[in-house]
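Have a look at the sequence and the structure, then read on.

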Amino acid sequence: MRELAARKELNASRASAHQRCWVSAGATGELAFGYHARVKPAVQARLLPAAVQEASRSTTLDLAQATRPLEVLPPNERGTAVLLVHQAYRFALDPAPRQRRALSSATGGSRFAYNWGLALVKQRLDARAAGQDVQVPWTLPALRREWNQAKEQEAPWWRENSKEAYSSGLDGLARALGNFSASRAGTRKGRRVGFPRFKRKHRARESCRFTTGPIRVEPDRHHVTLPKLGTVRTHESTRKLARRLEQGTARILSATISRTADRWFVSFTVEVQRRQGRPLRAASTVGVDVGVRHLAVLSTGEQIANPRPLERLQRTRRRLQRRWSRQDRARRAAGRRRPGRRQRVTRRRLARLEARAANIRRDALHKLTTRLVRTHGTIVVEHLNVSGMVRNRRLARVISDAGFGEIRQLLTYKSTWGGARLVVAEPFFPSSKTCSACGHVRAKLSLAARTFQCERCGLVVDRDLNAARNLAALVVVVAGSGPETGINACVRDCQPTGDGGRSDNPDARREAAGSQQPVRV
Ligand SMILES: [Zn+2]
């Protein structure tokens, strides 16, 4: 009886977890499961009721099984929290040529449905503007109804792909329309969202999501099964996910296929039960200054260098970019519409190189953030207005390269998982202009100055280290509570900046873009 009540309570809280998750979904973080793993930030953290169940032992998990609620982990002797999180496991695929074509076909079908729906919406809007009384399909069910009526006529080949492919395209369109409406009504945070545009073949991201049908991780840990595509070999072992499925602490919610450069990926969205970690030094506080010269500088004085191979790649990338523009000029001079074979080769090489650079950078960020969360009870970072800064063109490239936004995104969910607390400084906290010894605030500090010199006490210190120390010192002022408040404190501290540093206020944005304060070069 008690068990039943516990199960009911669990399901009720899970329902609310889902709702909250979809509201705040949007930021996609990464977790270090090799280069190809992606993880959504922890969206919900709470203590599950302690109903003890025997873990299920199935090796594969299809959706019929997956819809079963998760078994609840028993609390361990230390009583650490069990977190229910949505996490994505991403694996590179190794498809056969026939499967490669099927993958392209599925994402192409998704794009076709999106464009078809958008054309329909536009046509209906025009008709309505002309005074006709017509329905404009604005939601997924409405769009799907229209599609099902029209597909035999519009796309007689539709059976070649899973019906989920089209549904996924229409879903994307419904979301885009919804975002446009919400943005116009002022109920959506962030930059204004324009009316959806058509997706072009070689421009749009190739991806498509499956939510029903056979979606499985095969027991050999080197194959996955997807609707209509069948069993596809994976480039790397799926053991990280397979183990959790076998233990019954995870269930697959959906699978998304996508292409980056020449490589296909599958990303499973998974509901996972994780036991919350504990930082090694719960009482320790560390300030993290994210930089450009270094990946980061810690208030402990440690400097984490940018990954070495990245700089070599940058040189190759510049060379290839020059080659590409030369070939493009030649193409235009010759009056050719499409790029020639050589130019396509250059473009492919560039795409591969950029994907590799992103992987290396992400790997370094993962290693850093995981280490921080495992070691320190409290981590203090700056509030960086990344979208504002990226619009400042001179800084745009270096900032995008350094993955400024990403580091905080990673810290946000990893701190919850690891039981650490993340504190984000106020948007305009002058971390680099303040003296970390006496608290004197300098009027200005040029971007080029590498050291901080205090006018009052004469302190001379590395600029980034000074900033990191100021951030670490901030936590005493801001929170004052012990690191044991773990989950709650994190939620409270992170939430106001949960939109990824974007600001609704255009003035604040402009100020951030123009001011030197939060940026150090
Ligand atoms: Zn001073």
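Arg342 is a residue of helix α8; helices here are DSSP runs of H or I with at least four residues, strands are runs of E with at least two, and both are numbered from the N terminus. Arg342 counts as partly exposed because 13 other C-beta atoms lie within 10 Å. On this scale a residue is buried with 20 or more other C-beta atoms within 10 Å of its own, exposed with 12 or fewer, and partly exposed in between, with C-beta atoms placed from the backbone. Gln327 is 15 residues away from Arg342 along the chain, and their C-alpha atoms are 8.0 Å apart.

Residue numbers start from 1 along each chain as its sequence is written. The model is predicted, so local features need pLDDT of at least 70 and side-chain atom pairs count only at pLDDT 80 or more, while totals for chains, interfaces and linings use all residues.

**Helix pairs**

Two packed helices are described by the angle between their axes and the distance between the axes. The axes are lines fitted to C-alpha atoms, for helices over the stretch in contact, and the angles run from 0 to 180 degrees between N-to-C directions.

| Helix pair | Angle | Axis distance |
|---|---|---|
| α7 (residues 308-333) and α8 (residues 341-375) | roughly 155° | within 9 Å |
| α3 and α4 (residues 140-154) | about 110° | 11 Å |
| α3 and α5 | about 45° | 7 Å |

The axes of α7 and α8 cross at roughly 155°, which means that α7 is roughly antiparallel to α8. Angles under 35 degrees count as roughly parallel, over 145 as roughly antiparallel, 65 to 115 as roughly perpendicular and the rest as oblique. The α7 and α8 crossing is left-handed, meaning that the near helix is turned anticlockwise from the far one by less than a right angle; clockwise would be right-handed. Among the residues that meet here are Trp324 and Gln327 in α7, and Arg342 and Leu353 in α8. By class, this contact of α7 with α8 has 9 nonpolar, 5 polar and 10 charged residues. Nonpolar covers Ala, Val, Leu, Ile, Met, Phe, Trp, Tyr, Cys and Pro, charged covers Asp, Glu, Lys and Arg, and the others, Gly among them, are polar.

Helix α3 packs with α4 at about 110°, so α3 is roughly perpendicular to α4. Ala113, Trp116, Gly117 and Leu120 of α3 meet Leu143, Glu146, Trp147 and Glu154 of α4; residues are in contact if their C-beta atoms, placed from the backbone, lie within 7 Å. That contact of α3 with α4 holds 5 nonpolar, 1 polar and 2 charged residues.

With α5, the angle of α3 is about 45°, so α3 is oblique to α5. α3 passes α5 in a right-handed crossing. The α3 side includes Gly109 and Phe112, and the α5 side includes Tyr166 and Leu173.

**Core and chain**

The largest nonpolar core has 76 residues, and Leu226 and Val288 are among those with the most contacts inside it. Such a core is a set of buried Ala, Val, Leu, Ile, Met, Phe, Trp, Tyr and Cys residues joined through C-beta atoms within 7 Å. Helix α3 (residues 97-129) gives the most to this core, with 8 residues.

Overall, the chain has 14 helices and 16 strands, and 35% of its 521 residues count as buried.

Definitions and conventions. Contact = placed C-beta atoms within 7 Å.
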